[in-house]
Amino acid sequence: MERVRAIRIELWRRMETAVQILAEGVCLRAELQYRMGIYGGAIQRLLDILLEQDLIEQRFFGSGQTRYAVLRLTDRGMVFAAELGCPICPSEWDILVQRHKAEEHPKHAFAILLFAFQARRRGWWVEVCPQVENPLVAPDVLVEKDGERIYVEVETLRNPRKRKDGADNTWVRKWNNQYAFQRQVAVCTLTPKRMQGILRYLKPRFPGVATELTTLAKHPESDLWLERWTWPNEFSRRRYAMEY
C-alpha cells in the first residue's frame, strides 16, 4: 500500500514538473524529457496521463529521424499551471506560427526550436522571434549569457554557396542587414558541411559567430558557438586580393 502511495506521489510530482516546464513556453518533447531527466517508457507514460487529463496537446511533424513531437498546454493545463503559481508564457511553437509561418515552413521552425533547446542546455537565456525596432531585421532567435547578447539567424538552405552576391539578392541582404544591426553576423545551420558552406561567404565579409545542430546534439559539453572570428582576417584579405 505504501509503495502504491509513493508511486502516485511521484507521478503527481512529475505531472506538476512537466506542466511547470511547458508553462515556460518550452514545446519540444525532446527538451521536456531532457529537463525532467526521464526517457523512453517513463516519459511516454507521463505524457499519456497528461493527455488523458486534457492538460496538454501533442502534435507530430516530419517523418523518420526528423519526426518531432510538439507539446503545448491546453486551457485546462494553463489553469493547472496557474494553480501551481507558475508564470505562463506563450508556447514557442505558437510564437513561430504567428510570427514565422511555422505551419508552412515546419523544417525551419523545428531548427529554430532545436537551437533554442541547445542554447538553454548551455545556460543561455533564449527568446524566439524577438521583436526589434528595425524593419530590415527579423531575427530568428535572441540569446544572452554573461553580458553577451546575440541575434541569430537559423539557416536551413542546402546549397548556400550557390547564392550569388549582389544588392538584389535577399539572402545577401539578410547578412548585410544583420551586420549593420549588431556589428556581427550570427548563424546556426543543420550540419557541419552546411555551416562551412555559409562561412565561405560570411568570413571574408563580416566578423561573427557560427554553430550547427548536429555537433551541438552530439556534444552537449561543447560551447554554443563552434566558431568565432574577427574581421579583417585571412579570408577577407584573400578576397580583397582576388578582387583587386
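Predicted model: local features only at pLDDT ≥ 70, side-chain atom pairs only at ≥ 80, totals over all residues.
Residues are numbered from 1 along each chain as its sequence is written, and side-chain values use heavy atoms, with hydrogens and water left out.

**Exercise 1.** State how many salt bridges a search of the whole structure finds.

*Solution.* A salt bridge is a side-chain nitrogen of Lys or Arg within 4 Å of a carboxyl oxygen of Asp or Glu. The search of the whole structure gives twelve salt bridges.

**Exercise 2.** Explain which parts the salt bridge of Arg72 and Glu57 ties together.

*Solution.* Step 1: the N to O distance between these side chains, Arg72 and Glu57, is 3.1 Å. Step 2: Arg72 belongs to strand β2 (residues 68–73) and Glu57 to strand β1 (residues 56–61), so the pair ties together parts 15 residues apart in sequence. Strands (E, at least two residues) and helices (H or I, at least four) are DSSP runs, numbered from the N terminus.

**Exercise 3.** Decide whether Glu92 is buried or exposed.

*Solution.* Step 1: buried means under 20% relative accessible area, exposed over 50%, and partly exposed in between (1.4 Å probe, protein chains only). Step 2: Glu92 has 8% relative accessibility and therefore counts as buried. Step 3: its salt-bridge partner is Arg120, at 2.8 Å, N to O. Arg120 lies in helix α6 (residues 106–121) and Glu92 in helix α5 (residues 92–100), so this pair ties together parts 28 residues apart in sequence. Arg120, at 22%, is partly exposed.
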